[in-house]
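This report is written for a reader who is meeting the structure below for the first time. Please keep the sequence and the model at hand while reading.

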Amino acid sequence: MTNSVLAIAQPPWEMTTPSTAQTIITLVLAVVVAAFVVAALIDWRRSGSPAFLLMLVSGYVCSFNEATVDVLGHCFFPVDGVIAYTAFGRPIPVWVVLAYVVFFGGLSYLMALAFKHGASHRAMWCGIAVFGVLNVLLEIPMLRAGLYVYYGNQPFAIGGFPVSWLVINSLGSLFGAVVIVRLAWFFTGARQLLVVFVPFATYMASWVLAMPHFAITNTDMPTGVRMAAALLSMALGLIAIDGLIRIGTGQWRLLPPQLADTATENRTHAYSHS
């Protein structure tokens, strides 16, 4: 019997940052973030609610998850770039933080807005598909430019991009949107400031379903086992995405209908006796 042992691959520490590519992606994302901020300020003035702006801040807060997920999923950014912060020995560039504001702040808010305005199950799946396309369009050119790398034995990689990350990232962004829209009654008054911590928590929580992939990635198991683990994580993630969409659209209620009905009947019964 062969036992799996920890075999944590070392990142390519000698890797260097292509300055031109870094400048371009930083400027592009900075423009997108600026546009989101302007839109959020306009929305605040019109609606009286800072929800959009708070979600953009929440995307920034969520970026502090990146170093942890990089260690788990074997993603590496060169140490010589324009670094926003370093944690667990992993440098996180400024452009990555900006990407979090876009994907886990702005796009999560837009998904929550779609739920609020009655988007259908099918429409939300189309939205997830768009999110995935944007993710690929952002990642593959940057991987080819050498801005970062997914190292080690990564299954189902296309152009250096493991497709399992599409599910991981989409699930994390969607989870935050569902929490915001379905617990809107809670995020009122001073409690609306708690919105800034939601994507941080929901993205980290979504890693539970990615753990089969993360766990096998950090062992010496053969490629076939790694592929099976990645498939399991992707399958669990897709099931969770579908479930979250159903909750967000109201197809699934957080409490079974009979429980609510029973509670009403009990209250009526109690009032009649009193």
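## The nonpolar core

The largest nonpolar core has 67 residues, a nonpolar core being a set of buried Ala, Val, Leu, Ile, Met, Phe, Trp, Tyr and Cys residues joined through side-chain atoms within 4.5 Å, where buried means under 20% relative accessible area with a 1.4 Å probe and protein chains only. Trp95, Tyr148, Trp165, Leu174 and Tyr203 have the most contacts inside this core. Two or more residues each are given to the core by α1 (19-47), α2, α3 (66-73), α4 (94-116), α5 (121-145), α6 (164-182), α7 (198-217) and α8 (223-249), helices being DSSP runs of H or I with at least four residues, numbered from the N terminus. The largest share, 15 residues, comes from α4.

The model is predicted, so local features need pLDDT of at least 70 and side-chain atom pairs count only at pLDDT 80 or more, while totals for chains, interfaces and linings use all residues. Residues are numbered from 1 along each chain as its sequence is written, and side-chain values use heavy atoms, with hydrogens and water left out.

## Two residues and their contacts

Leaving aside neighbours within four places in sequence, Trp95 is in contact (heavy atoms within 4.5 Å) with Gln22, Ile25, Thr26, Leu29, Phe77, Met142, Leu147 and Tyr148.

Serine 58 lies in helix α2, which covers residues 51-62, and counts as buried because its relative accessibility is 0%. With the neighbours within four places in sequence again left out, serine 58 is in contact with Phe104, Gly105, Val195, Val196 and Pro199.

## The buried face of α3

In α3, the residues Glu66, Ala67, Val69, Asp70 and Gly73 are buried. Seen down the axis of α3, these buried residues fall within an arc of 165°, so they line one face of the helix; the arc is that of the directions from the helix axis to the C-beta atoms. Histidine 74, which follows α3, has a positive phi near 60°.

Methods
Buried means under 20% relative accessible area, exposed over 50%, partly exposed in between (1.4 Å probe, protein chains only).
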